[in-house]
Amino acid sequence: MKNTNLQKIVLTGLFAALSYVVFTFLQIKITLPGGDATSIHLGNAVCVIGALLLGGVYGGLGGAIGMTIGDLVDPVYVLYAPKTFLLKFCIGLLTGLIAHKLGHISTEKNNRKVLLWTILAATGGLLFNVVFDPLIGYYYKLLILGKPAAELILAWNITTTSINAVTSLIISVVIYMALRPVLKKSGFFCEIGAEKTKKTPVRAE
């Protein structure tokens with residue numbers, strides 16, 4: 001299948017729906033003081049897989065849109081929807097940058113190099129989230145929402161974000177490496193950046 005923008009848009013919608021379902025229905029919600037909550041979920045794994053398959057922008061948008069919708073329909077999380085969109089989109093962007101701009105995993109033929117760069121890309125995106133999700137969440141609660149329990153909630157957020165990162169790293173790498181050969185054989189694999197490297201034939205005068 002040709003690597004068209006329409007194909008990527010359709011797949012972005014698919015990943016948005018998938019991330020919403022995973023984030024909303026397959027999470028373990030932990031209630032915190034002050035009516036707040038945090039959760040253990042695999043929504044970030046969907047975001048990373050999307051970035052590995054579609055590139056950072058489309059993969060990041062898919063994960064960000066799906067999990068933001070998940071926040072908007074949940075009274076506990078609705079106020080955090082803007083933060084969710086920003087952070088999940090950044091996970092995708094960073095994962096895609098490492099995977100496709102540095103590692104060129106979609107065009108790389110050596111499976112060991114593909115695996116290495118896939119691990120590095122997923123680690124980079126999820127490590128960003130481990131650092132900035134609790135940090136931005138803390139200031140968001142304290143300065144914007146004015147919640148005095150921000151410091152108490154911070155420790156819980158660090159814990160759950162770290163658990164989410166480890167599980168999402170393992171699952172996203174395993175699923176991507178399993179899907180890659182299947183998608184290649186079926187013709188549905190997107191070669192990110194390949195179209196830019198193809199030279200346009202020079203017409204003889």
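Predicted model: local features only at pLDDT ≥ 70, side-chain atom pairs only at ≥ 80, totals over all residues.

Q: Why is Lys88 called buried?
A: Its relative accessibility is 5%. Buried means under 20%. Lys88 therefore counts as buried.

Q: What makes Asp133 and Lys88 a salt bridge?
A: Their side chains meet at 3.6 Å, N to O. The cut-off is 4 Å between a Lys or Arg nitrogen and a carboxyl oxygen of Asp or Glu. The pair falls within that limit, so it is a salt bridge.

Q: Which parts of the chain does the pair of Asp133 and Lys88 tie together?
A: Asp133 lies in helix α5 and Lys88 in helix α4. The pair therefore ties together parts that are 45 residues apart in sequence.

Q: What joins Lys83, Lys88 and Asp133 into one network?
A: Salt bridges that share partners do this. Asp133 also forms a salt bridge with Lys83, with the closest N and O atoms 3.5 Å apart. That pair links distant parts of the chain too: Asp133 is in helix α5 and Lys83 in helix α4, 50 residues apart.

Q: Are Asp133 and Lys83 buried or exposed?
A: Asp133 has 11% relative accessibility. Lys83 has 11% as well. Buried means under 20%, so Asp133 counts as buried and so does Lys83.

Q: How many salt bridges are there by this rule?
A: The count comes to three. One of them joins the side chains of Asp74 and Lys29, at 2.6 Å, N to O. Asp74 sits in the loop between α3 (56–72) and α4 (81–102), and Lys29 in strand β1 (residues 28–31). The two are 45 residues apart.

Q: Which class does Asp74 fall into, and which does Lys29?
A: Asp74 is at 14% relative accessibility, so it counts as buried. Lys29 has a relative accessible area of 38%.

Q: Are Cys47 and Cys90 buried or partly exposed?
A: Cys47 is at 0% relative accessibility, so it counts as buried. Cys90 is at 22% and therefore counts as partly exposed.

Q: What makes Asn129 a buried residue?
A: Its relative accessibility is 2%. The limit is under 20%, so Asn129 counts as buried. Asn129 is found in helix α5 (residues 111–144). Not counting residues up to four places away in sequence, Asn129 touches Asn44, Leu87, Lys88, Ile91, Pro134 and Thr161.

Q: Why is Ile28 called exposed?
A: Ile28 has a relative accessible area of 55%. Exposed means over 50%, so the label holds for Ile28. Ile28 lies in strand β1.

Q: Which residues does Ile28 contact, beyond its neighbours within four places in sequence?
A: Thr38, Ser39 and Ile40 are in contact with Ile28. Ile28 and Ile40 are 12 residues apart in sequence. In space they are 5.1 Å apart, C-alpha to C-alpha.

Definitions and conventions. Residues numbered from 1 in each chain as written. Heavy atoms only, no water. Buried < 20%, exposed > 50% of the residue type's maximum accessible area, 1.4 Å probe, protein only. Helix = DSSP H or I, 4+ residues; strand = E, 2+ residues; numbered from the N terminus. Contact = heavy atoms within 4.5 Å.
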